[in-house]
Amino acid sequence: MATSMTHLFVTILLVAAHTAFAETNMLQDLCVADLKGTKVNGYACKDPSQVTPEDFYYIGLAAPADTSKTATGSAVTAGNVEKIPGLNMMGTSMSRIDYAPGGLNPPHLHPRASEAIFVLEGRLFVGFLTTTGKLISKHINKGDVFVFPRALLHFQQNPNNAPASVIAAFDSQNPGTQSVGPSLFGANPPIPDDLLAKAFGVEPQVVQKVKGKFPATK
């Protein structure tokens, strides 16, 4: 009897889990994001009668961004659900990244997505770090593709004297970005100097100097 009840319990759990997984799929043709509505782990669906072609259209990736006003010589133009409401529930998005000569997209990670980049112009040095500290890196050229696994630290650098640009694809409508420098040294409230000094094996004065380069996030 106990064995039968155990089997029944396990069966119910498996059915419930399968049902829960299945219900994460879309149950309608589309769910255009209502960017002005309540946000609960994503966006609610816009009234289908109010959907327009503009909800699925975005011209923002067509032209290079201005890299001259950035400290690192790179500029990211996002094409996520906040720019293209029609991406809501589709689990995909794109960005364009432009690099000045010598420009760098500093080490960062995307907590909710893997990333694949396609080189539009130029040549880049790219790489990511595994959790064991191994650097996987390569020089890539126009027409090449390189993939960064989900939530691993990665970077792109333009070591050349000409501009470069890529199109990046993500398997999330809103991949999120966490950059190492601003996260650690521009946190709000700030991470204590002595903690960072011990973590990096430097004096607190060094930490204070580095913090001066990363204004606290709002």
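Mentor: A pocket here is an open set of grid points where a 1.4 Å probe fits, with protein on both sides within 12 Å along at least five of seven lines. Keep in mind that this model is predicted.

Trainee: How much space lies in the largest pocket?
Mentor: Rolling a probe the size of a water molecule over the atoms shows where empty space is left. For the largest pocket, that space comes to about 520 Å³.

Trainee: Which residues lie nearest the centre of the largest pocket?
Mentor: The lining is made up of 27 residues. By class they are 11 nonpolar, 14 polar and 2 charged. Nearest the centre are V76, N105, P106, T177 and S179.

Trainee: Which strand gives the most to the lining of the largest pocket?
Mentor: Three strands each supply at least two residues: β1 (74-79), β2 (93-99) and β3 (104-109). With 5 residues, the one that gives the most is β1.

Trainee: Which residues are closest to the centre of the second largest pocket?
Mentor: The second largest pocket has a volume of about 420 Å³. Its lining holds 18 residues. They split into 6 nonpolar, 9 polar and 3 charged. Closest to the centre are N41, G42, M89, S172 and Q173.

Trainee: What is the phi of M89?
Mentor: M89 is in the loop between β1 and β2. It is not a glycine, yet its phi is positive. The value is about 75 degrees.

Trainee: Which cysteines does the disulfide join?
Mentor: A disulfide is a covalent bond between the sulfur atoms of two cysteines. A search of the whole structure finds 1. The S to S distance is 2.0 Å, and the pair is C31 and C45.

Trainee: How many residues apart are C31 and C45?
Mentor: Both sit in the loop between α1 (2-22) and β1. The pair links distant parts of the chain. The separation is 14 residues.

Trainee: Is the disulfide of C31 and C45 left-handed or right-handed?
Mentor: Look at the torsion about the S-S bond, which is about -100 degrees. The disulfide is therefore left-handed.

Trainee: Is α3 roughly parallel or roughly perpendicular to α4?
Mentor: Helix α3 (residues 193-200) packs on helix α4 (residues 204-211) with the axes 8 Å apart. The angle is about 105 degrees. Angles of 65 to 115 degrees count as roughly perpendicular. So α3 and α4 are roughly perpendicular.

Trainee: Which residues of α4 make the contact with α3?
Mentor: From α3 come D193, L196 and A197. The residues of the contact divide into 4 nonpolar, 1 polar and 2 charged. On the α4 side they are P204, V207, Q208 and K211.

Terms used: Residues are numbered from 1 along each chain as its sequence is written. This is a predicted model: local features need pLDDT of at least 70, side-chain atom pairs count only at pLDDT 80 or more; totals for chains, interfaces and linings use all residues. Side-chain values use heavy atoms; hydrogens and water are left out. Axes are lines fitted to C-alpha atoms, for helices over the stretch in contact, and angles run from 0 to 180 degrees between N-to-C directions. Helices (H or I, at least four residues) and strands (E, at least two) are DSSP runs, numbered from the N terminus. Angles under 35 degrees count as roughly parallel, over 145 as roughly antiparallel, 65 to 115 as roughly perpendicular and the rest as oblique. Contact means heavy atoms within 4.5 Å. Ala, Val, Leu, Ile, Met, Phe, Trp, Tyr, Cys and Pro count as nonpolar, Asp, Glu, Lys and Arg as charged, and the others, Gly among them, as polar. On a 1 Å grid over the protein atoms alone, a cavity is a set of points where a 1.4 Å probe fits but cannot get out, and a pocket is an open set with protein on both sides within 12 Å along at least five of seven lines; lining residues have an atom within 4 Å of a point. Grid points are joined across faces, edges and corners, and a volume is the space filled by probe spheres set on the points. A disulfide is a pair of cysteine sulfur atoms within 2.5 Å.
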